Structures are given as structure tokens and as C-alpha cells.
Amino acid sequence: MTARPADPAPNPHATEAEVQAALTDNKLAQVLYHDWEAETYDDKWSISYDERCIEYARGRFDAVAGPQPLPYGRALELGCGTGFFLLNLMQGGIAERGSVTDLSPGMVKVALRNAEHLGLDVDGRVADAETIPYEDDTFDLVVGHAVLHHIPDVELALKECLRVLKPGGRFVFAGEPTTIGNFYARKLGQITWKATTEITKLPFLRGWRRPQEELDESSRAAALEAVVDLHTFDPAELEAIARSAGAVEVHAATEEFAAALWGWPVRTFEAAVPAEKLSVGYRMAQYRAWLGLSWVDENVLKHVVPRQFFYNAMITGVKPGANRK
Ligand SMILES: C[S@@+](CC[C@H](N)C(=O)[O-])C[C@H]1O[C@@H](n2cnc3c(N)ncnc32)[C@H](O)[C@@H]1O
């Protein structure tokens, strides 16, 4: 759930006319791309609804919001995808009732299906974060993960969050790329991709080479990703946007520096070679390395490296008015 490798190809079910229209209509591009990803998204990002991801989601929430009176009553998720953030937060005791929303109908469908399997009290709607289809003062909490960087007008979306929050209600967004983090992550990813795909042309390494059509598909997808990824954030800038939208008690936090410098080349390498070449032992070793480096980030580097150098940004803020509880 951290550094993400290049995505595979655009929606193969989209018509040529839709693909052409998506080049000039960013929201259509978001729908086509994410609709196609919906059914395979959980596998692709190793998303689960067990202790591992509950702890991860809850950890991100606590890292930026700090200790809060829990649970929140009614929570809304924007850009829910398959429900990773809100469903795991609900399982982690953050909220009692949930509403999942996304611009992509395919994603809302999968998120509702996941919620039903988990027996959670969740409803859902297709919705644009810039025009949230709920009444004023409806929610106690609004959350999102890896969604703000897809929204054209982030300040408008945060204004909408504040409108649908009850006075004293809080928003929490996590998993956003910082500007500096995105720069080194992309560069490391590009270098690793090039090196791996060149080296595996050597005759004695052929077995490590993915079929050319799959490699081409990944390259095309990386190009499309550049269309749907609209922003990167400086943490101070993100705080300024949230204050300008009308939020109080605004606070941005960042995490993953060593973990991102290590994780991006590793995950790009993994995407460039056949999956069967990577043993369970190798994957476990990489996961342990990532956990270890995250510990170093949190306990050592956080105290000496400026926050804008870390890869992941999170932001929280509160709607002015009554205090919760
Ligand atoms: C990178 S995915 C993240 C999904 C999920 N939150 C997660 O972390 O796994 C971004 C999601 O935001 C959605 N999205 C993009 N633009 C949006 C908008 N304007 N309003 C609501 N959702 C949007 C996409 O359809 C996609 O499901």
C-alpha cells in the first residue's frame, strides 16, 4: 500500500471514441481508467480487509489526526476505490456507519460488495468529489486515500467536505504524493524499468523477461497514469489550501523517505519481471525490509529530514463550530 509501480494498460473495453474523448475530458479519463482497474485493484495493490490493512489504515489516520474520541458516527469516503480506507477504518473502530463514493461506478460496485462481505453498515453512490451529492451537515467524518491528486480543483473538493461535515466534524486524507517524493520516486522507477528491461534482453537472462506485449502494455499504462495523476503536494501548500477552503485545526504530516527510496526500485523491478520468478521468501524479505526502513523513517529520519522530502502526505482539518463530544 505504499510506493506504487507503473499501472497496466488503459481500459480495453473503452471504445476508440471514448479514449479520444478522454484525452480532452479528464473526468472521463478517470472513469475509464478506474472502471477498468476496479475488479483487479485489490489484487494489484495487495489490498486486504484483515489485520495488516486495518493496522495500516488506522495507522495513517492516527498519524495525522492524533488521538480522537471514537467512534465517529457517520463517515463518508471520497474516491473510495474498492473501499480500502473506509472499510478498514470502520473495522479498526474509527466509524460506525459509512458512505462510499467514487467517480467510477465500477469502483463503487466493488466497494459495496466488499462492505457486504465484511458485514459493515455501508451505502454508496457514484459521486464527484467537487460536487458531493449529500446535504449540508450530514457527516461526522470525511476520509479519502490517494484521491486528492486526481481531483482538478482540490480546494473546491475540501470546501465540499466542509459543507457536508457537521460543525466540529473532521476530514482526513492520506496517501498523497509529495512533490519532491514524486520526483525521486518517478526517476528511480524509470531508471529501474530501463535497466531491468535492457538487462533481461541478455540471452542467459531471457527467462526473467516478460513478454514484449506485456511490457508495451505497461509502458502505455504509465503514459495514461500521467493523464489521471493531476497533482503532487508540498505539505505546507496542502495546509494553505485546506485553510483557504475554510478548515481550522489544519495539520499535514508526511512519512516514508528511506522506505520510498528503497520501495520504488523494488516494486518497479517486480513489475518488470515475470511474477513466478519472485518466491514467497523473496516477497517476505522485501516486506520486512520495508517495515524496517519505515521504522527508521519514523524514529530517526523524521527528526532530521525536512518533511517535504518524505513521499506520502496526509492532511486533516476540522469544520468550524461545535466541538465533538
Ligand atoms: C488511486 S485510486 C485510490 C482508491 C482508494 N481510495 C485506495 O486508496 O485504494 C483514486 C480513486 O479516485 C477516484 N476519483 C478520481 N477523480 C475523482 C473525483 N473527481 N471524485 C471522486 N473520485 C474520484 C478514482 O475513480 C479512483 O477510484
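K194 is exposed, at 51% relative accessible area. In this predicted model, its side chain meets that of E198 in a salt bridge, 3.7 Å from N to O. Both residues lie in helix α8, four residues apart, about one turn of the helix. E198 counts as partly exposed, at 37% relative accessibility.

Helix α8 also packs against a neighbour. The axes of α8 (residues 179-199) and α9 (residues 212-228) come within 13 Å and cross at roughly 165 degrees. Angles over 145 degrees count as roughly antiparallel, and α8 and α9 are therefore roughly antiparallel to each other. The crossing is left-handed. On the α8 side, R186, W193 and T197 make the contact; α9 supplies L215, S218, S219 and E225. By type, the contact residues divide into two nonpolar, three polar and two charged.

Back to the salt bridges. The whole structure holds 18 of them. One pairs R113 with E39, with the closest N and O atoms 2.9 Å apart. R113 sits in helix α6 (residues 105-118), E39 in the loop between α2 and α3, so this pair ties together parts 74 residues apart in sequence. R113 is partly exposed, at 32%. E39 is partly exposed too, at 48%.

Another salt bridge joins two strands. E249 pairs with R170, the closest N and O atoms being 3.8 Å apart. E249 belongs to strand β6 (residues 248-255) and R170 to strand β5 (residues 165-177), so the bridge ties together parts 79 residues apart in sequence. R170 is buried, at 8%.

Terms used
Residues are numbered from 1 along each chain as its sequence is written. This is a predicted model: local features need pLDDT of at least 70, side-chain atom pairs count only at pLDDT 80 or more; totals for chains, interfaces and linings use all residues. Side-chain values use heavy atoms; hydrogens and water are left out. Axes are lines fitted to C-alpha atoms, for helices over the stretch in contact, and angles run from 0 to 180 degrees between N-to-C directions. Angles under 35 degrees count as roughly parallel, over 145 as roughly antiparallel, 65 to 115 as roughly perpendicular and the rest as oblique. A crossing is left-handed if the near helix is turned anticlockwise from the far one by less than a right angle, and right-handed if clockwise. Contact means heavy atoms within 4.5 Å. Ala, Val, Leu, Ile, Met, Phe, Trp, Tyr, Cys and Pro count as nonpolar, Asp, Glu, Lys and Arg as charged, and the others, Gly among them, as polar. A salt bridge is a side-chain nitrogen of Lys or Arg within 4 Å of a carboxyl oxygen of Asp or Glu. Buried means under 20% relative accessible area, exposed over 50%, partly exposed in between (1.4 Å probe, protein chains only).
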